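Please look over the sequence and the model shown here before reading the report. The headings go from one chain to the contact between chains.

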Amino acid sequence: MMKLVEIIKGLATSEETFTLTRDLSVRMGKTPVPA
Amino acid sequence: MSDIKDEFVQRGVNAIRDSLGRLVKKEKMTAADQQAVLARITGTTSLSDMGKADFVVEAATENETLKLNIFKELDGICRPGVILSSNTSSISITKIAGATKRPEKVIGMHFMNPVP
């Protein structure tokens with residue numbers, strides 16, 4: 001099973017989008033790695 | 001779960017079933033939980049069904065034109081506020097976001113294994 005999720009923001013990606021995606025990754029049992 | 005052909009959708013569902021089946025075998029998951037997970041997955045070959053999704057993870061072939069087209073379509077299909085993420089490892093998120101009218105809701109979500 002894939003353990004890590006690299007989370008990559010674009011120039012326009014909001015902080016809210018980043019936080020929600022990071023929290024969702026954790027709920028999936030993954031370790032988020034900000035890029 | 002959406003793909004371009006039924007057989008690909010089925011392959012995806014089978015991969016999830018097998019992967020969870022290994023956890024059941026190792027007694028890390030019950031067979032009932034495996035069934036519950038599978039029951040939450042709806043397969044489709046029509047991208048328009050993604051209109052029901054609260055969060056989207058795109059994992060198409062690593063082809064920029066293809067991904068830009070998919071995001072443009074998803075932007076028209078999905079409700080405002082829904083995050084559109086991409087499993088890309090090499091294509092610019094800023095570029096992908098530019099294919100939509102919701103660039104603040106576009107993000108990269110690259111699932112991977114730790115380097116040993």
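This is a predicted model: local features need pLDDT of at least 70, side-chain atom pairs count only at pLDDT 80 or more; totals for chains, interfaces and linings use all residues.

## Domains of chain B

The domain assignment divides chain B into domain 1, covering 1–45, and domain 2, covering 46–116. Taken over C-alpha atoms, the centres of domain 1 and domain 2 of chain B are separated by 22 Å.

## Packing of two helices in chain B

Helix α1 of chain B (residues 6–25) packs with helix α2 of chain B (residues 31–39) at an angle of about 160°, and their axes lie 9 Å apart. Because angles over 145 degrees count as roughly antiparallel, α1(B) and α2(B) are therefore described as roughly antiparallel to each other. The crossing in which α1(B) passes α2(B) is right-handed.

On the side of α1(B), the contact is made by B:Ile16, B:Arg17, B:Leu20, B:Gly21 and B:Val24, while α2(B) contributes B:Ala31, B:Gln34, B:Val37 and B:Leu38. Sorted by class, this contact of α1(B) with α2(B) has 6 nonpolar, 2 polar and 1 charged residues.

## Contact between chains A and B

The contact between the chains takes 20 residues from chain A and 19 residues from chain B. On the side of chain A that touches chain B, β1 (4–9) and α1 (15–27) of chain A each supply at least two residues, and the largest share, 6 residues, comes from β1(A). The residues on this side of chain A divide into 12 nonpolar, 5 polar and 3 charged.

## Strand pairing across the chains

β1(A) pairs with strand β3 of chain B (residues 106–112) in the antiparallel sense, over 6 bridges. Within this pairing, A:Lys9 stands opposite B:Ile107 in β3(B).

Terms used:
Residues are numbered from 1 along each chain as its sequence is written. Chains are lettered from A and ligands numbered from 1 in the order in which they are written. Axes are lines fitted to C-alpha atoms, for helices over the stretch in contact, and angles run from 0 to 180 degrees between N-to-C directions. Helices (H or I, at least four residues) and strands (E, at least two) are DSSP runs, numbered from the N terminus. Angles under 35 degrees count as roughly parallel, over 145 as roughly antiparallel, 65 to 115 as roughly perpendicular and the rest as oblique. A crossing is left-handed if the near helix is turned anticlockwise from the far one by less than a right angle, and right-handed if clockwise. Two residues are in contact if their C-beta atoms, placed from the backbone, lie within 7 Å. Ala, Val, Leu, Ile, Met, Phe, Trp, Tyr, Cys and Pro count as nonpolar, Asp, Glu, Lys and Arg as charged, and the others, Gly among them, as polar. Domain bounds come from an automatic or database domain assignment. Two strands pair if DSSP finds at least two bridges between them.
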